[in-house]
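Here are a few friendly notes to read alongside the model.

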Amino acid sequence: MIALVDCNNFYVSCERTFQPRLEGVPVGVLSNNDGCVIARSNEIKALGVEMGTPAFELQHLVRRGQVRLLSSNYELYGDMSARVHQVLEEFSAGVEPYSIDEMFVRFDGFSPERLLEHCRDLRHKVRQFTGIPVSVGVAPTRTLAKLANRAAKKVPSHAGVCVLRHSSPETRDLLQHTALGDVWGVGRRLVERLAIMGIRTARDLARTDPKAIRRRFSVTLERTALELRGIPCIEMNDMHEARQRIMTSRSFGRLTGDPGEIREAIRQHAQRSAEKLRAQDSHARAVYVFLKTNPHRLDLPQYSPGAIVELPEPTDDSRAILHAAGRALQAIYRPRYLFMKGGVMLIDLVDANRQQLSLLDTPQRRAERERSERLMAALDDLNRKMGRGTVTLGRATPGAAWHLRCANRTPRWTTRWDELPCADTR
């Protein structure tokens, strides 16, 4: 059996963990630069606020004190996700992260009789140790676990935990009342094409000949049909598999054409990309830098350039990557444009442990590489222990245009020493 553990209203729940006064309050979390709503509490949903609602449309509710809008605090959310993961590891045979707020949990070897109680205990412990409420859906396959999780959330009688047995009446009833559009991996266009064949529910798809599904559609949909029958055939991609390219990009807080500010932004993105590169134990052969103006500002000249600079040799050294990113930026920057976004992509990645040795390698070059490895390891270790950005190559100018707008961001309670919560002992 496998479970899908889903953190309820995750971003809002993270905020409420450290601010209990937000319990019962309509809360929305905003996207980068405080643009639009990307996470909602149940209370703000009840007010009719939809995902993607622009923040400016809700300002009248904010002024009246009817809703609270918070800036996104991804550093906090990422750390809280890791904490939930740690708790789940203690209760299962393995955890496979699916997203920041969803994780598949294996229950191989657990007896069916004790599984429901075990999952209820797991749910309680996650809430006790992290403050995050979760829903747990358990089934023989990942696709069914997704449906079980949905039922755990939507049906009050499940009390947050739903266990589906293979071919049980409860499973058949759930499939019968589940529209195809609510099945994991079945998109709108597939729903329309399947409806022509008379396949409208999850149970219809499960009862259709898988071979016919494969012939008319794809092997992916065939696997979905088999999973709905309780036959496991979808495996998660290895979450630790190295990515083929690494990009760090973000919209600026406001338009800017200042070369110093743009250079700072690219420098910060290059350093972050280099950290990600080392984390997956890879080296890059080239650096790509791009800039973008605002295509919606037709009153301004448009220019969205990009440039690639090849590195002298594959490396994960932030200094070499920053030097290459600086050269690329110098090649594409033009002074008369106002830019809204910039980014750095590391491309042509290779495994750091499988590089070809050069015949021209010398003891001096090997010593330089070893010194670089020690330096980067020390830098990463300090930033990991003391908080990201503790040690950087160059400092950012406070208030620069490229900084994100985050007027309502809460403290990063768990990752920044200077933002730790303080107890009032008076």
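1. The axes of H12 (residues 259-279) and H13 (residues 318-332) cross at roughly 140° and come within 9 Å. Axes here are lines fitted to C-alpha atoms, for helices over the stretch in contact, with angles from 0 to 180 degrees between N-to-C directions. Helices (H or I, at least four residues) and strands (E, at least two) are DSSP runs numbered from the N terminus.

2. The crossing of H12 past H13 is right-handed, meaning that the near helix is turned clockwise from the far one by less than a right angle. On the H12 side, the contact (heavy atoms within 4.5 Å) involves Ile262, Arg263, Ile266, Arg267, Ala270, Gln271, Ala274, Leu277 and Arg278. H13 contributes Ser318, Ile321, Leu322, Ala325 and Leu329. By class, the residues of this contact are 9 nonpolar, 2 polar and 3 charged (Ala, Val, Leu, Ile, Met, Phe, Trp, Tyr, Cys and Pro are nonpolar; Asp, Glu, Lys and Arg charged; the others, Gly among them, polar).

3. A word on provenance: this is a predicted model, where local features need pLDDT of at least 70, side-chain atom pairs count only at pLDDT 80 or more, and totals for chains, interfaces and linings use all residues. Residues are numbered from 1 along each chain as its sequence is written, and side-chain values use heavy atoms, leaving out hydrogens and water.

4. Now for the sheet. It is open, with 4 strands in the order E9-E12-E10-E11 and antiparallel pairing (two strands pair if DSSP finds at least two bridges between them). At the edges are E9 (246-256) and E11 (306-315), each pairing on one side only. Neighbouring strands are turned by 15° against each other on average, direction ignored.

5. E9 and E12 (residues 339-351) run antiparallel and are joined by 7 bridges. Serine 251 stands opposite lysine 341 in E12.

6. How do the helices meet the sheet? H12 lies across E9, E10 (282-293), E11 and E12, running at about 160° to E9. H13 packs on the sheet too, touching E10, E11 and E12, and its direction makes about 155° with that of E11.

7. Of its 426 residues, 44% count as buried (under 20% relative accessible area, 1.4 Å probe, protein chains only).

Terms used. Buried < 20%, exposed > 50% of the residue type's maximum accessible area, 1.4 Å probe, protein only.
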